[in-house]
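Trainee: I am new to this structure and should like to understand the reasoning behind the terms used for it.

Mentor: Then let us take the terms in turn and set each value against its rule.

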Amino acid sequence: MTFLKDLLKGSVGPVDNDSRFLLDVHSRQLPGEDTMRRYGDSEEIDLVIVGAGAGGSVLAQRLARSGWRIVIIEAGPFWHPDEDWVSDEAGSHGLYWTQKRIIGGTDPIALGKNNSGRGVGGSMVHYAGYTPRFHPSDFETFTRDGVGADWPIAYEDLRPHYERVERELPVAGQDWPWGHPHKYPFSPHPISEAAARLWRGARELGIEMRVGPVGIVNGTFGNRPHCIYRGYCLQGCKVNAKASPYVTHLPDALAHAVEIRAGCMASRVELDESGRARGVVYVDGAGGAERLQRARYVAVAGYSIETPRLLLNSASKRFPKGLCNGEDQVGRYVMVQGATQTAGRWPDELRMYKAPPPELSSEDFYETDDSRGFKRGFSIQTVSPLPIGWAEHVLADGHWGRAMREYMRDYNHWATIGVLNELLAHPDNRVTLADETDQYGLPVARMDYTLSDNDKANMAYSTDVITRILKAGGAQDVLTIHRYAHLIGGARMGSSPETSVVDANQRAWAVPNLFIADGSACPTQGSANPALTIMALASRLAERMADGRAMDDDPRARAGTTPALEPVG
């Protein structure tokens, strides 16, 4: 079977998903927007989903194929790439969730363009395209390393869904030796000269690198074209070569009678007298009247800020502290990843932007090595900031005025490498509701974050490693910017209602027909970009909702594969 897959690499597409054929070769618009099924608010559908991003879109596509009648409520717009997505950093501002949020804690985390999305397709519209898997160790960090928490499911529970989603995106990359070694359906992309210099430095230090994995077409894929290496992956791929739910799952979902209500802000999940969710209350545009979409089941997929915010805002007599928050778990254990980037200069032009932003990666430092002085680890990835991002790097290193202008003139001589540190889950890193309200009259989210000593040691060690890679590769000058990326947690899954919000099937402990279908359900972050794992979780959830296993009330089924753990702080 492995030999056959290698022989047919790139020529065998996924089953039960026709999105790649439904796309129009002459247009980049999402097919089906004008002709999609329309349901009435008073009509009780099978499922209402909040959020049309990585989790919500996969869940909708899978269950629509099983005949479920589904409405997705999405706060952002229906994108029209030919008009809306531009080859310009500043002009792409609207892709991000930039509405006001309050940040606090000892180490406040900036929220916006590098970790939040708004619109049909979610954050994956503007992600870099990087799609590594989590490692088997990520699912049992407490057992292995005494930190974080074990997941109530194991890597093997997600592996078939990783493989299925990788075929749907599709993922291109070299054979992967780390974690659970595996191959990818498409061959790796060529790399730039900038990446080649960094690879040379890594080899000098004995650090293994691989090309990919990226959810970017290397060759044609149905009606999706080959990547043209224009370098604007973070601004929305006008070519449609980069995978996002907008092109990989929503076309098929719309073809199977899913309705997407864009520009609609969910305000609360409403319960009936028995304590079951009866639907989602939402506002159609700022200042509009509230409407209720009734449904037999509700899935929240708003990601790690908006999902806890919606649950907390759904307070009632039954749940005075917020929906599913009887044990004060909603909003806790939110995690980001450390994402320090270091750039080096070479005498000849490298033009780092002429390729997908992530080209090379290493997971040599992913697992715990106690000799380093901290638990868990980090991954290494090449990155390629565009000019505005490059200016932020220069400013972070203390340069401005004349020096800033000289660094900007020198942009094409630089190459950049970054890390993703696994920062640990702590209960006081959390989302709550602020006193201020937004344009819909809803309390805005507040996120407090404080780094632990383990987090700081991890970040310091990884910064030294990537700096040494640059110097070993021949860099003449080095600049470093300390930053953060990605979001996970806030409504985590677990084996006990005392320590989690949802069970091993992502079903709320407190509301029997409510599910969480996004990254907020993840108990730990890992050192891998989370998009693929969020999609795989949604794929698994859809499979289990379709066959009824997700609704199993057996305590053993709900607890999953691991015993209940006390919160680790």
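Trainee: How many aromatic pairs does the count come to?

Mentor: The count comes to 17 aromatic pairs in this predicted model. One of these pairs is formed by Trp 85 and Tyr 246.

Trainee: What makes the pair of Trp 85 and Tyr 246 tilted?

Mentor: Two values decide the matter. The ring centres are 5.5 Å apart, and a pair requires centres within 6.5 Å. The planes stand at 55°, whereas stacked rings need under 30 degrees and edge-to-face rings over 60. The pair of Trp 85 and Tyr 246 is therefore tilted.

Trainee: How do you know that this pair links distant parts of the chain?

Mentor: Trp 85 lies in the loop between helix 4 (81-84) and strand 3 (102-104), while Tyr 246 belongs to helix 8 (residues 245-248). The two residues are 161 residues apart.

Trainee: Why are helix 6 and helix 14 called roughly perpendicular?

Mentor: Their axes cross at roughly 110° and come within 8 Å. Angles of 65 to 115 degrees count as roughly perpendicular, so helix 6 is roughly perpendicular to helix 14. The crossing of these two helices is right-handed.

Trainee: Which residues make the contact of helix 6 with helix 14?

Mentor: Helix 6 contributes residues including Asp 157, His 161, Arg 164 and Glu 166, and helix 14 contributes residues including Leu 532, Met 535, Arg 540 and Glu 543. By class, the residues of this contact divide into 7 nonpolar, 3 polar and 5 charged.

Trainee: At what angle does helix 14 pack with helix 3?

Mentor: Helix 3 (residues 54-65) and helix 14 (residues 531-547) pack at an angle of about 35°, with axes 8 Å apart. Helix 3 passes helix 14 in a right-handed crossing. Among the residues in contact are Val 58, Leu 59 and Arg 62 of helix 3, and Ala 538, Leu 541 and Met 545 of helix 14. The contact of helix 3 with helix 14 has 11 nonpolar, 2 polar and 1 charged residues.

Trainee: Why are helix 11 and helix 12 called oblique to each other?

Mentor: The axes of helix 11 (residues 387-396) and helix 12 (residues 402-409) cross at roughly 135° and come within 10 Å. Roughly antiparallel would require an angle over 145 degrees, and roughly perpendicular one of 65 to 115. Helix 11 and helix 12 are therefore oblique. Their contact is made by Pro 387, Trp 390, Ala 391, Val 394 and Leu 395 of helix 11 and by Met 404, Tyr 407 and Met 408 of helix 12. In class terms, this contact has 8 nonpolar, no polar and no charged residues.

Trainee: Which peptide bonds are cis?

Mentor: Among them are the bond from Leu 169 to Pro 170, with omega near -20°, and the bond joining Gly 212 and Pro 213, with omega about 0°. Pro 170 is found in the loop between helix 6 (155-168) and helix 7 (193-204). Pro 213 is found in the loop between strand 4 (210-211) and helix 8.

Trainee: What pLDDT does the chain average?

Mentor: The chain averages a pLDDT of 93, and 96% of the residues score at least 70. Over residues 563-569, however, the pLDDT is below 50. Where pLDDT is low, the predicted coordinates should not be read in detail.

How values were computed. Residues numbered from 1 in each chain as written. Predicted model: local features only at pLDDT ≥ 70, side-chain atom pairs only at ≥ 80, totals over all residues. Heavy atoms only, no water. Axes fitted to C-alpha atoms, helices over the stretch in contact; angles between N-to-C directions. Helix = DSSP H or I, 4+ residues; strand = E, 2+ residues; numbered from the N terminus. Parallel < 35°, antiparallel > 145°, perpendicular 65-115°, else oblique. Contact = heavy atoms within 4.5 Å. Nonpolar A, V, L, I, M, F, W, Y, C, P; charged D, E, K, R; others polar. pLDDT = per-residue confidence, 0-100. Phe/Tyr/Trp six-rings, centres within 6.5 Å; stacked < 30°, edge-to-face > 60°. Left-handed = near helix turned anticlockwise from the far one by under 90°.
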